[in-house]
Amino acid sequence: MIKFDKESGIFYLNTKSTTYAMGVWNGEKLLHRYWGKRLVNPLNKTDLGDYVARGFEAVDLQGGNSDIVPFEYSTFGNADMRIPSAEFRFSDGSRVSNLTYKGYEITDGKPALEGLPATYCEEGDKVETLTIHLEDTYQNVDVFLSYSVFEDFDAITRSTKIVNRGERLLLDSAMSATVDFYGSPDRELLHLDGAWMRERSIVRQPIVAGNQGINSRYGCSNMFHNPFIALCDKNADETTGDVYGFNLVYSGNFTAGAEKNPFNGLRAYIGINSTNFQFVLENGGSFRTPEAVMVYSSKGLGEMSRIYHKLYRTRLCRGKFRDTERFVLINNWEATYFDFNEDKIVAIAEKASKVGIDTMVLDDGWFSSRIDDTNGLGDWYENRDRLPNGLEGLAKRINALGMRFGLWFEPEMVNPGTELYKNHPDWILHTKGRKPSQARNQLTLDYSRDDVCDYIIDTLSGILSRANIEYIKWDMNRCMSEPGSAFWDGEHQGEVMHRYILGLYRVLETLTQRFPNVLFESCSSGGSRFDAGMLYYMPQTWTSDDSDAVERLKIQYGTSVVYPFSSMGAHVSAVPNHQVGRITSFDMRCNVAMAGQFGFELDLNKCTEEELKTAERAVKTYRELGEVFHKGDCYRLKSPFESDICAIEFVSEDKNTVILTVNCSKAMPNSPDEYILLDGLDETAVYTLDGTDKSFGGDYLMNIGWHFVNDRENQSELILFKKQKL
Ligand code: DGJ
């Protein structure tokens, strides 16, 4: 898996189908050598390509212009003028750093990253970790680059630890990964952008000269950009072409992009955003960057996504719910918003239990003075006008229906009118002399402080121990502003945004370990914090506040570029849809939601008998097929970003069951025939169309396709094929 060729000084990190290689140049510099299809033959000096090789010969690496040299890890000040992997400010005022190669270590498995979410391995996994030691000998700084190779998953993860052995220094930036590609003329940058209620649209742009990329300075991974980029061949599509994916396992500020030099060299980068970031490292102090997960596919985007899906589903998500069937829930938010009481919630649950829904989730508005969004956040005790029997009483009534009870929290926030705020005005993120901006009338609690985090852990633990709560929706509805802390002194203010995220991770780790039987779902104004960091603690995320089935086609399709369908909360809601006013059929709403973590978000008492029957049928189908949607391989066949048809196929792990979902956003009269080509089937096998005696060869379905005519509004098909046994 990981090999070091002492003679050439080259490290080979081999997965099943890929190789990532680095080389020690002149016993001193660590250079990036290759990332792509698995190599059979060893590399040598001339493999670098003319221009780069000339660069080495002509340029003393510590002088001249070494912008053409592919460094594995680059710091500021040594004639490499590109975006650095790390920047230091030393006690003598200098910002120049020079790292030289010191040694390496290869270990079995993968160590946890202290305080940070990360992928992990299990007994029997073929995983090895390479740690390369670089050193700034003048300033006494050690840099340890960690690479974990998941051989069977075809993925490599990276993280860096910086240790100061010298005088106090300031760390001004620290990427999780930079990769220098050379000879890359026609690459495109793919990223997932959006806004509230239209998260993660797929954007592709040519990489032109200079720097281009995406950022978050909101304090969280956010709705506008997701912490993911892919560098693709210009012609790469779902099934062909080189694609290099970079995803950050982190929920805070990030930056990611590519910088192109005039010689077709590219530096890709991903890591914590350096704006308002500055970490003080005393002598002996260290800093660990979040993990970057890197996936190379020579077979287009589909293959890259399937690698991310499997890795995240099985080696990022954790706990009891990782592998078990999750809940089919009904949430009262779109059914009642803030207007409810105990009886109303029970009435919704009663109807829901009749169609087979197993969990009733009570959303915002159950506590203290929270009758609208102006007050209450932080005072986490029941509003007895609404819940006269408290949470215990309500949970008991829900349990008596044979259902679980779930509850909404927004534990990172406080409203200024609450007791919590009056008692602890210093517990919010704020900056002396500046008025703290409110968003949705709320302020952000200062999770960079241990006392705030402990308070939240205790408060939630109390509630979870008192009432029978088996699911939590963990919401977060604003970004950080005036991001300072009353706890930290002036010199440490640049640490606050990152320390907030570390505090949040500690809170989540403690609560999820303390309550292993509670299913946690993350949410942030819908899907504004849909990231791999959150998935480590909570295996599913509310994908979007837009529950319209047609809008969801794009949102879920875009999300699936990185994240598995098993991580996407998806609900059937009422029509006309509350966000866009569109009317779609109940069938279509069920079919679209069923691919994710299926649920409902409406008052079923207001549904017709016909709709209730459809809901009941859908719950049944979901219980039969959920495993295929969530654990199977997903193939995106037709993109809703390119036409009115969205087709996605799911193939079960044992390859015996195939689900084809086809949904259309707009009908076309006298529509032309469409043939949707399936993928991932056994071409020699025969597949029966479930419930009929019709059968199709695997080769037929993959080469001729499934015939489809888009001439009816609300067209939605969920087609099930079963492989015939020999
Ligand atoms: C935002 C979430 O995305 C919604 O689902 C809902 O929980 C509201 N917050 C409640 O305030």
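A polar side-chain atom of Asp 475 sits 2.7 Å from a nitrogen atom of the ligand. Asp 545 places a polar side-chain atom 2.5 Å from a ligand oxygen. For Arg 440, the distance from a polar side-chain atom to a ligand oxygen is 2.9 Å. On its own the ligand has 300 Å² of accessible area, and the protein covers 97% of that (Shrake-Rupley method, 1.4 Å probe). The model is predicted: local features need pLDDT of at least 70, side-chain atom pairs count only at pLDDT 80 or more, and totals for chains, interfaces and linings use all residues. Residues are numbered from 1 along each chain as its sequence is written, and side-chain values use heavy atoms, without hydrogens or water.

Which residues come nearest to the ligand? Of the 13 around it, they are Asp 363, Asp 364, Lys 473, Asp 475 and Asp 545. The shell comprises six charged, three polar and four nonpolar residues.

Next, the loop. Ser 547 lies between β28 (540-542) and α10 (549-559). Ser 547 is buried because its relative accessibility is 3% (buried means under 20%, exposed over 50%, partly exposed in between; 1.4 Å probe, protein chains only). Beyond neighbours within four places in sequence, the contacts of Ser 547 include Glu 334, His 571 and Gln 579 (heavy atoms within 4.5 Å).

Now the cysteines. The structure holds zero disulfides (two cysteine sulfur atoms within 2.5 Å). Cys 479 is partly exposed, at 30% relative accessible area. Cys 523 is in no disulfide either, with the nearest cysteine sulfur, in Cys 220, 12 Å away. Cys 523 is buried, at 2%.

Note on methods:
Near = heavy atom within 4 Å. Polar contact = N/O pair within 3.5 Å; in protein donor to acceptor, adjacent residues only side chain to side chain. Nonpolar A, V, L, I, M, F, W, Y, C, P; charged D, E, K, R; others polar. Helix = DSSP H or I, 4+ residues; strand = E, 2+ residues; numbered from the N terminus.
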